Amino acid sequence: MSLDSDSRESLWQTVNKILHRKSSSSLPTTFHGTSLFTALLLFFTGKISKRGLSLTSNPATSSPHSPSPPATPLISQFSPLPQDPKSKRSCSTVQTSNLTQIPYSPGLSKMFICTVPVSTITNIVNFSLTSGQFHPTLNESVISSMLKTPTLNKEKLSNYRLNSNPSIISRIIEPVVKCRRIDHLTSNSLFNSHQSVYCKHQFTEIALLYIHDHLINAIRSQKISCLCLLDLSAAYDTIDHEISTTRLSSWFGIHGSVLSWLESYLSSRCFRVKRETDLFSWYTSLCGVPQGFVLGRLLFVVYTTRFSTLISCCSLNHHLYADDSQLFLSFLLTHFDSSIDHFHNALDQTSSWMTANRFTLNFSKTEFLLIGLSKQLAKINN
């Protein structure tokens, strides 16, 4: 049986709890007390601000984020949850939401689910959906820091990522909206066929097998393959809200109260760092989508769908998994020079598109590989 990413995460959390596994502290030792979290917050907000200023001043930002959109069916209203408290759908929405403890009151989430009637929660969700508004207080979250990889140097702030912990109401509403968005995208064939995230039966293993199969078949045909693994810096944090809403409307047929709801969800997101009982000042984010939230990841996938269109127009093979992009091209050794030039031109167009859409390619972590039989690779002089 295959599990989606949320189910896998929940499974691993359960296993670690049963085995009494506890992660050791991975915080820098050169900071003490509140200064550590203040430094982390200033580092991340400063990095995003600097990147935003550099991208705004680039003339490439004027194009090409608004290409000619395809004709798509419209969706202007969310379908509400069933009002019957005995309805399996309304109950399952509340019970299976990815709930964690409320940041301000540990343990309150379980009490909330056990004591508040399902009909009351359903009314709250439906009011948000029909009004086309995601209340500003629901945009508030508390963040914590963790190392990107346990083996990284914990003294360097650049090796950390910030994880958001939203309110319980937000965690109930978001899966409802996500399901309706996915239903709209799936029923109208609007999902990116080259993107594995949120596609049924598509996981990281499928993405790896897809590329592996292509490369093996190319080798069997005596071909050489170029494989470029793109790395984006803070991809989720630099998404432009204006471009996002424009793309939702023009490319995916989202209008009316649905678009208004998504605009209110994206705008004025606030967060602050918590350390034990200490809560620091609020910070308002003017760009980006919340990476740790189910809806934030879906918005990112929608935002980058145009990127797949661009790569396909460049006659390159590619596959995406969230913000991980793999570009590859296979060719005979006799076409090496022309193929490399073609690949290089495609990467130039990719870089321009990334800049126009407020993304930054991390060239130090981007990898370029030539893959083929050793006899074929030995014949390459360039």
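## The second largest pocket

Which residues line the second largest pocket? They are Thr 204, Ala 207, Leu 208, Ile 211, His 212, Leu 215, Leu 227, Leu 229, Tyr 321, Asp 324 and Gln 326. A pocket here is an open set of points on a 1 Å grid over the protein atoms alone, where a 1.4 Å probe fits, with protein on both sides within 12 Å along at least five of seven lines; lining residues have an atom within 4 Å of a point.

Helix α7 (204–220) gives the most to this lining, with 6 residues. Helices (H or I, at least four residues) and strands (E, at least two) are DSSP runs, numbered from the N terminus.

## A salt bridge

Arg 358 pairs up with Asp 240 in a salt bridge, their closest N and O atoms being 3.7 Å apart. The term means a side-chain nitrogen of Lys or Arg within 4 Å of a carboxyl oxygen of Asp or Glu. Arg 358 sits in the loop between α12 and β9 and Asp 240 in the loop between β3 and α8, so the pair ties together parts 118 residues apart in sequence.

## About the model

This is a predicted model: local features need pLDDT of at least 70, side-chain atom pairs count only at pLDDT 80 or more, and totals for chains, interfaces and linings use all residues. Residues are numbered from 1 along each chain as its sequence is written, and side-chain values use heavy atoms, leaving out hydrogens and water.
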